[in-house]
Structures are given as C-alpha cells and as structure tokens.
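Biologist: I have a structure to go through with you. Could we take it topic by topic?

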Amino acid sequence: QVQLVESGGGLVQPGGSLTLSCAASGSIANIYTMGWYRQAPGKQRELVAVITSGGSRNYADSVKGRFTISRDNAKNTLYLQMNNLKPEDTAVYYCSAPTRGFWGQGTQVTVSS
C-alpha cells in the first residue's frame, strides 16, 4: 500500500498559477499510470490528467494547454502545474494511482477574485 499526500492547493485569482505536488510513501516507479482528478461541489469526480511511467500524457479537454502533469520517479512525486486558472477550476484535487486503488486525501483549489 502506497500513501499519497497532496500539497500546494490554495486560493488564487483568475489567471493565476498553482503547482500541486503529490508525495508517495513508496516507490512510484513501478506504477504505470498516475493521475490527478478533481471534484467540484455538487459534481462527480472527474479526470484532470494522467501520465504513464513512459511519460505519455492525457488531459481533460477543459484543461488542455493550461495544465501540465509530470512525475519524478526518483523523488516518488507527482506534479500538476496549473496556469491561467479559471473559477471553474475550483475543486478538491486528488492524486491517484487509479489502477492500484491508491488515492490521496485531496487538496482544495479555489479560483476567485
């Protein structure tokens, strides 16, 4: 079992940037797919971005061109760089190794003026 702990959330103005980090308690090198998901109030959890161990990336259409997912297997850390944030990006963001059933506790991102 790998524990995932997110950090880096907060309050930011529209157009601003944030970088989320997800620290794993164990090695992520053997975890093929890792990703970021989010859940806004009253909505279902949705995929934001995923990355494979080979570096292939996929993004939700709503974040393409604004968000970048990356992973550092040596540091056992997953990242999400978020630029040009919009109010509709407001949500709790979760780190996950979805095929392994590993989920973090989430970090709140609020985009508001």
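Biologist: Is C95 buried or exposed?
Modeller: C95 counts as buried, at 0% relative accessibility; buried means under 20% relative accessible area, exposed over 50% and partly exposed in between, with a 1.4 Å probe and protein chains only. This is a predicted model, in which local features need pLDDT of at least 70 and side-chain atom pairs count only at pLDDT 80 or more, while totals for chains, interfaces and linings use all residues. Residues are numbered from 1 along each chain as its sequence is written, and side-chain values use heavy atoms, with hydrogens and water left out.

Biologist: Which residue is joined to C95 by a disulfide?
Modeller: C22 is the partner, with an S to S distance of 2.0 Å; a disulfide here is a pair of cysteine sulfur atoms within 2.5 Å. C22 lies in strand β3 and C95 in strand β9, so the pair ties together parts that are 73 residues apart in sequence. Strands are DSSP runs (E, at least two residues), numbered from the N terminus.

Biologist: What is the handedness of the link of C22 and C95?
Modeller: The link is left-handed, with -70° about the S-S bond.

Biologist: And C22, buried or exposed?
Modeller: C22 counts as buried, at 1% relative accessibility.

Biologist: Turning to the sheet, what is the order of the four strands?
Modeller: The order is β1-β3-β8-β7, in an open sheet with antiparallel pairing; two strands pair if DSSP finds at least two bridges between them. β1 (4–7) and β7 stand at the edges with a single partner strand each, so one side of each has no neighbour in the sheet.

Biologist: How many bridges link β1 and β3?
Modeller: Four bridges. E6 has C22 in β3 as its bridge partner.
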